[in-house]
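Hi,

Here is the structure I promised to pass on to you. Have a look at it first, then read my notes below.

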Amino acid sequence: MALRKIRIMGDEVLEKVCRPVEKMTPRIKELIGDMFDTMYDGMGVGLAGPQVGVLRRICVIDTDGEPYVLINPEILETSGEQTGNEGCLSLPGQYGQVTRPDYVKVKALNENMEEYILEGTGLLARAICHECEHLDGIMFVSHVEGELFELSEEDEEE
């Protein structure tokens with residue numbers, strides 16, 4: 001696997017709507033592996049296709065050691081509310097307060113193109129919403145309440 005260049009806010013690819021994945025190919029399999037490697041290298045919890053310059057409806061998420069591949073994800077249900085700091089690998093070092101659902105149910109295809117349902121709360125719910133929005137050209141900054149800010153190293157350790 002390889003690390004891919006993460007596109008930074010301002011890159012037009014991040015504002016485009018992605019195309020669905022019709023079938024699994026060797027290139028898509030390689031892309032998924034590269035996306036996990038890139039996400040882990042950047043110490044992120046999610047990464048979407050456009051963030052590495054690929055306009056396909058693919059995102060990878062790992063909030064707690066359980067990696068998920070979401071191909072052509074579709075959010076079916078949300079409930080509750082949570083507000084917290086949110087960041088993005090496409091806007092390094094910048095964070096903002098964002099309110100998201102506290103529960104999300106999403107339908108997607110896995111790396112074998114098998115449909116499955118993923119339900120998540122807390123950080124997983126936040127990551128699902130965040131990454132699915134990337135696939136529609138939406139960045140988290142459009143939801144930030146107040147100003148963007150940088151976290152100090154002491155803040156990150158808490």
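Start with helix α2: 11 of its 13 residues are buried, so the rest of the structure largely encloses this helix. Keep in mind that this is a predicted model. The buried residues in α2 are Leu124, Ala125, Arg126, Ala127, Ile128, Cys129, His130, Glu131, Cys132, Glu133 and His134. "Buried" here stands for under 20% relative accessible area.

Now, what does α2 lie across? It is a set of strands: β1, β2, β3, β6 (103–109) and β7, and α2 runs at about 125 degrees to β7.

Those strands form an open sheet of five, in the order β1-β2-β3-β6-β7, and the pairing is antiparallel. Two strands stand at the edges, β1 (46–48) and β7 (115–121); each has a single partner strand, so one side of each is left without a neighbour in the sheet. On average, neighbouring strands of this sheet are turned by 35 degrees against each other, if you ignore direction. As a bit of background, strands of a sheet pair through backbone hydrogen bonds, either parallel or antiparallel.

Last, two residues with a backbone angle to check:

- Asn72 lies in strand β3. Asn72 is not a glycine, yet it has a positive phi of about 50 degrees. Its relative accessibility is 23%, so Asn72 counts as partly exposed.
- Met113 lies in the loop between β6 and β7. Met113 is not a glycine either, and its phi is positive too, at about 65 degrees. With 23% relative accessibility, Met113 counts as partly exposed.

Happy browsing!

Key
Residues are numbered from 1 along each chain as its sequence is written. This is a predicted model: local features need pLDDT of at least 70, side-chain atom pairs count only at pLDDT 80 or more; totals for chains, interfaces and linings use all residues. Side-chain values use heavy atoms; hydrogens and water are left out. Two strands pair if DSSP finds at least two bridges between them. Helices (H or I, at least four residues) and strands (E, at least two) are DSSP runs, numbered from the N terminus. Axes are lines fitted to C-alpha atoms, for helices over the stretch in contact, and angles run from 0 to 180 degrees between N-to-C directions. Contact means heavy atoms within 4.5 Å. Buried means under 20% relative accessible area, exposed over 50%, partly exposed in between (1.4 Å probe, protein chains only).
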